[in-house]
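Me: I am new to this structure. Please show me how to read its features.

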Amino acid sequence: MKPSIPKGTRDFSPQEMVRRNYIFDTVKQVFQLYGFLPIETPAMENMETLMGKYGEEGDRLIFKVLNSGDFLNGIDVNELQNANIKQLTSKISEKALRYDLTVPFARYVVQHQNEISFPFKRYQIQPVWRADRPQKGRYREFYQCDADVIGSNSLLNEVELVQLIDDVFTRLNLPVIIKINNRKILSGIAEVIGEADKIIDITVAIDKLDKIGVEGVNKELAEKGVGEEAIKKLQPLIEFKGTTTEKLNFLKTLLSTSAVGLKGIEELEFIFSKPSAGISEQSTLELDITLARGLNYYTGAIFEVKANAGSLSSSICGGGRYDDLTGIFGLPNMSGVGISFGADRIYDVLNELNLFPESVSASTKLLFVTFGEAEQNYCLPLLAKVRKAGVNSELYPDAKAKMKKQMSYADDKKIPYVVIVGSDEMNSGLLTFKNMTSGEQTKIDIETIINSVK
RNA sequence: GUGGCUGUAGUUCAGUUUGGUUAGAGCAUCGGUUUGUGGUACCGAGUGUCGUGGGUUCGAGUCCCAUCAGCCACCCCA
């Protein structure tokens, strides 16, 4: 059998893991800096926890887990043949792999509401799974790094999240463009053009503007049954260009008859008025009226971040405010706002742009090379001493291995120093100490070695 | 769910156009030159059901059909 792994999944070798940890560590540090606390939730959730939260497309992409044991128990042949997939699925599968971290978090909050003091700021870094067709920047198993504040309506949370995003990407040295919009504005627009019930179709179409252009958007709108008149009304909005202030003023006129729309504008004005605290020079903050985001549960601000360099055009971070995610689980009036970093996509971008720092490794510094068991025994206490001094070190384990083999091992592992021990060294107590970068070697005692390696 | 491209050694690929003897190369791995010296040198070694199944043919890695897998794009998304 030829070994392989499922489509869309990957192994991570040491070099990749070191780099991935660099991303996770950076994100985690910033999360903690902003006062978020960690939680974890199980890989699997009950099916009904997940279904229906992500739209129709989302349901299709949820990985279902087959019931254990005789999963066909109680299913008759007719049912199998008539194949109402949805109904059948619910009978043979009660669990599913989590699709994101936000919905499990909402479930967690409801379930643990009595232990939590609100507002609750949590972060969560775990893999999620989607039964999507893999392609560039898209995997079936990938890590999300989420930070959410729940139980607070304050728009200051939105402001903080923008700064947090900026902080993370500044630390990663990655120039990004942070786009903001507000679902209320999109609702207002749908309302004003008289197609309030088509809000989802309209936002999805508008979202594709920079990809398929004005004509493409209009075509899609028409296909979805949006009236000609309504599409016409939409044009000035789609084509509008200007500064943030200009955009907001323009929207105020356009949405003057929509209470929701005006509320959305007010919220955005607040957010844009605050971060005088500062976005770093390498990041751009932009109000993008066409930003929509597919997830159904967003109700207020929405965020999306794209790398300002490199070939990956999809978003590397996204989020928004949801007013009633916990309502479905029985806890109403609990507003939350959060963002999610896509670690794997960030990795791809940093990798392409060569932005990983050179020295992100904590590997072995010193290797003991010996000629046999006697030498190994002589080295063991020395090894313990070196480790006690806090130096990452190891002893080549196979006593019969040739020197060449041991030296190659050090070289492959990029171990900077080697200590060679044979009978001479054991007799004199002066060990051969070799600097693998310069090739120089000297005979010194173990204390001197520790001091020069530290 | 829709469309396009690609499957040959551990890996990256050549060979497919125009069917013809024993299917090659780089890298990696292992061994040796050197029983106490790596990264540079030289010598040597090994591995393939040519993705799978069927068909055409005297003969198929090469042509045809099916199937599976991977990649890319759409949809959607981190």
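Reply: We go from the whole chain to single residues.

Reply: This is a predicted model: local features need pLDDT of at least 70, side-chain atom pairs count only at pLDDT 80 or more, and totals for chains, interfaces and linings use all residues. Residues are numbered from 1 along each chain as its sequence is written, chains are lettered from A and ligands numbered from 1 in the order written, and side-chain values use heavy atoms, without hydrogens and water.

Me: How many helices and strands are in chain A?

Reply: Both are DSSP runs, numbered from the N terminus: helices are H or I with at least four residues, strands E with at least two. Chain A has 18 helices and 16 strands.

Me: Which radius of gyration does chain A have?

Reply: The radius is taken over C-alpha atoms, and the globule rule is 2.2 Å times the number of residues to the power 0.38. A compact globule of 454 residues would come near 22 Å, but chain A has 29 Å. Its C-alpha trace spans about 95 × 65 × 45 Å along the principal axes.

Me: What share of chain A is buried?

Reply: Buried means under 20% relative accessible area, exposed over 50%, partly exposed in between (1.4 Å probe, protein chains only). In chain A, buried residues make up 48% of the 454.

Me: Where does helix 6 pack?

Reply: Contact means heavy atoms within 4.5 Å. Helix 6 covers residues 102-111, and nine of its 10 residues are buried. Among them are F105, R107 and Y108. The buried residues pack against strand 2 (44-46), helix 2 (47-50), strand 5 (120-129), strand 6 (141-150) and strand 10 (317-322).

Me: Which residues touch the most other members of the largest nonpolar core?

Reply: In soluble globular proteins, nonpolar side chains tend to be buried together. A nonpolar core is a set of buried Ala, Val, Leu, Ile, Met, Phe, Trp, Tyr and Cys residues joined through side-chain atoms within 4.5 Å. Here the largest has 66 residues, and F31, F169, I316 and F341 touch the most other members. Helix 7 (residues 156-171) gives the most to this core, with seven residues. Apart from it lies another core of 27 residues, including Y54 and L186.

Me: Why does E304 count as buried?

Reply: E304 counts as buried because its relative accessibility is 12%. This residue lies in strand 9 (residues 301-307). Leaving aside neighbours within four places in sequence, E304 is in contact with I177, I178, K179, L291, R293, S315, C317 and G318.
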